[in-house]
Amino acid sequence: MKHKIKSLLWLTFALVWISILGGIFAISMGWIGYLPPIEQLQNPIDKYASQVLAADGEVIGSYAHLGSNRVLVDYKDLSPNLVKALIATEDVRFEGHSGIDFRSLARAIFKTGILQQKSAGGGSTITQQLAKMLYSPPSSNFFTRMMKKPVEWVIAAKLERYYTKEEILAMYLNQFDFLYNAVGIRSAAFTYFGKTPAELNLQESAMLIGMCKNPSIYNPILRANSPLPMERRNTVFQQMEKAGYLTEREVDSLSRLPIKTSFHRMDHKQGIAPYFREHLRKIMMADKPDRSDYASWQYDKFRDDSIQWETNPLYGWCNKNRKPDGSPYNIYTDGLKIYTTINPAMQRYAEEAVEEHLAGHLQPAFDRERRARGGDPFSTSISADQRKKILERAIRQSERWRLGKEDGLSDSEIRAQFDRKTKMQVWSWRGQRDTVMTPLDSIRYMKGILRSGFVAMNPHNGHVLAYVGDINFSQFQYDMVSDGRRQTGSIIKPFLYSLAMIDGASPCDQVLHVQRTYRLDNGQTWTPRNTNHRRVGEMVSIQWGLQNSDNWVTAELMSRTSPLTFKRLLESYGLRGPIEATMAMSLGTPEATVGEMVSGYTTFVNDGVRVDPILVTQIEDMHGNIVATFAPKMTEVLTADAAHKMLYMLQNVVNGGTGGRLRSSFGLQMPLGGKTGTTQNNSDTWFMGFTPDLVAGCWVGGEERSVRFNSMAFGQGAAAALPIFGKFLKKVYGDSKLGYLANIPFQLPEGFSPCYDAGNSDEAVEIYEGVNPDSTGSYSPF
């Protein structure tokens, strides 16, 4: 009898193992359960965020789908502390098994499963946990749940066959979700400690590995007032002692240390250069323009986007290029490394310069003027009906209006909400401010916030070094560098003067300084006004006209060419918006972006050759292969001689003209050229400036053109925009690490003199350093 029972037990045991092994074989063959395709096992993680890197290699951002910010990290880039903590805590025999640890599995079955000893631990290896994360989504199906563990065993065994132990450890840490949009160890190290995985110390590594048991319960941020995160971290220390990685004395010492974090929430709206990163994302992911996707009035945008698609290799890059499998690139999932031209230090200086001037000087001045006119942000020159139209348009574009429509409210019911006071938060330079006001008043308040756009680039290779699209990306996401077009005002004048230089004029040629009336081709007349009333009726030089931004001299030069010729030249300078060919465009009626104008001004430093902005130098795929490189595009706009004459005149704008505050107020001594600009009624203020190795431009104004200063004291380019350039340049040249030297001159031919015909040296005239011979030494503030 005993022999029969013994045989029956052995038979049962054998049948159980035969069933298990048979089931595993059936799973591995794909007969039962779910087994991912072999190609997925060979490349199990294919969804990684793409990283945006600055010129020095600093990671300044990433692109990821919402809820996933995973960035690939190789094993060699992991701190040894991380590896030891993970193995000791999750799988101490990791190096010795092939995916399944049968000792741990038996312990889990008998102690945890049968005897209900929770402290006995589980039986899953690191490889099994990776298999679960990759291929075992939750399921309510009974059969699927029954097969879950055997499937994980099979997948784990296959992973061990295809990958080294180091690759499995890296994949595990790359895959784990540490909460707060920190998916993967790269994002987690930055989010919780502001470090890379390689920089994590022992305490930080133990904290993150401890979170792998449950990232919510043991989260040092989410559970900041709970003892659980520290207890879990100390448990990791104890496991490391058992594994022989730490001594008892080290564990006692480490366990007493407090948890110190440096929390950085992963948010694309935060960090440096957010406008740049968003602009880069949009152009790289752009689709080929289709006319049907544009409204009837958007023909100019369609034309511009089509030109960009054809001529700009970065525009639509993801859709124009293919991966080895033939599919287009996706910056959210393909783990690209995008090496940009942004200089982190210069970017921070640019952001600081904008904030210092607007928050500390210009906005308070505007607020004082606004209070004097009863709190209305709009200029007193516009009518009540115009104000009403602006506000009503803003009401219908607001989130409150959209939500009211979704709730089924009528227009009158929603409109009534805007006149009822309510508690709210409004943005200010000092952060979000709690207040009580009507939603309509909050619209008026926000309309009164002054805005700005600033960009700096290397004029020789086109590298964009700093890019500030507006004052705060979280609050104002419209990009004034690349998307916002404003009337250019007087910063367009150098383009016209350069046309005169091409036609053989020189800076010292004389014109009569009087108001003239010009007859246009359509039979009408044009009589330009002037803010400069000095030297009326006298002969003045072309140089004097530009130096003082004189409208009468400019109009006279415009009368010597055709509007169509000037329009074509503006397009050569890089202006892509619609341009109406009229004489008035010489005074700044065409609209342009800050980026276009900065690119145009590189012409004067580059011997007449304009360089297009370069945002990215190269792109790597997730395996480190270079898949794209980018070189600057050059366009010859002027002859070298014309460019040198313009360079001379624009230096004098700073040395004795409208840009003189750079010398007098900011004490800048390096070689400088530039031009101020102010449009009609002070609606737009500009400054474009350059040194031998840097070109930068700035616009300041309101969201609406009717939001403007009434007085010229603050409402001109020299007061509103120039100081941002001045502050930026002072910071850049004050930082010796950046390598900009104040004693490097502009490169001009030996013996260059702007005021004579190069073919007849007898006509040369004396040139004073930095000042035109007929200058009076004083300058207009405009």
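**View 1. Helices H9 and H10 lie oblique to each other.** H9 (residues 185–193) and H10 (residues 202–211) pack at an angle of about 120°, and their axes are 11 Å apart. Oblique is what remains once angles under 35 degrees (roughly parallel), over 145 (roughly antiparallel) and 65 to 115 (roughly perpendicular) are set aside. Axes are lines fitted to C-alpha atoms, for helices over the stretch in contact, with angles from 0 to 180 degrees between N-to-C directions. This is a predicted model, with residues numbered from 1 along each chain as its sequence is written. Local features need pLDDT of at least 70, side-chain atom pairs count only at pLDDT 80 or more, totals for chains, interfaces and linings use all residues, and side-chain values use heavy atoms, without hydrogens and water. Helices (H or I, at least four residues) and strands (E, at least two) are DSSP runs, numbered from the N terminus. The H9–H10 crossing is right-handed (near helix turned clockwise from the far one by less than a right angle; left-handed if anticlockwise). From H9, Ile-185, Ala-188, Ala-189, Tyr-192 and Phe-193 make contact (heavy atoms within 4.5 Å) with Glu-204, Met-207, Leu-208 and Met-211 of H10. By class, this contact holds 8 nonpolar, no polar and 1 charged residues (Ala, Val, Leu, Ile, Met, Phe, Trp, Tyr, Cys and Pro are nonpolar; Asp, Glu, Lys and Arg are charged; the others, Gly among them, are polar).

**View 2. H10 is largely enclosed by the rest of the structure, because 9 of its 10 residues are buried.** Buried means under 20% relative accessible area, exposed over 50%, partly exposed in between (1.4 Å probe, protein chains only). Among the buried residues of H10 are Leu-202, Ser-205, Ile-209 and Gly-210. The buried residues of H10 pack against helices H3 (80–90), H8 (165–175), H9, H11 (228–242) and H12 (248–255). At the start of H10, a side-chain oxygen of Asn-201 comes to within 3.2 Å of the backbone nitrogen of Gln-203.

**View 3. H5 passes H8 in a left-handed crossing.** H5 spans residues 126–135. H5 and H8 pack at about 45°, with axes 10 Å apart. The two helices are therefore oblique. Ile-126, Thr-127, Gln-129, Leu-130, Met-133 and Leu-134 of H5 meet Ile-168, Leu-169, Met-171, Tyr-172 and Gln-175 of H8. The contact divides into 8 nonpolar, 3 polar and no charged residues.

**View 4. Helix H16 packs on helix H29.** H16 covers residues 344–372, and H29 covers residues 722–734. Their angle is about 140°, and their axes are 8 Å apart. H16 and H29 are therefore oblique to each other. Their crossing is right-handed. The contact includes Met-346, Tyr-349, Glu-352 and His-357 of H16 and Pro-723, Lys-727, Phe-728 and Lys-731 of H29. By class, the contact has 10 nonpolar, 1 polar and 4 charged residues.

**View 5. Helix H23 is mostly covered.** The buried ones include Asn-551, Trp-552, Glu-556 and Met-558. At the start of H23, a side-chain oxygen of Asp-550 reaches to within 3.0 Å of the backbone nitrogen of Trp-552.

**View 6. Asp-334 sits in the loop between helix H15 (317–320) and strand S3 (337–340).** Asp-334 counts as buried, because its relative accessibility is 8%. Leaving out residues up to four places away in sequence, Asp-334 touches Tyr-48, Ser-50, Lys-323, Pro-328, Tyr-329 and Met-622.

Terms used
Polar contact = N/O pair within 3.5 Å; in protein donor to acceptor, adjacent residues only side chain to side chain.
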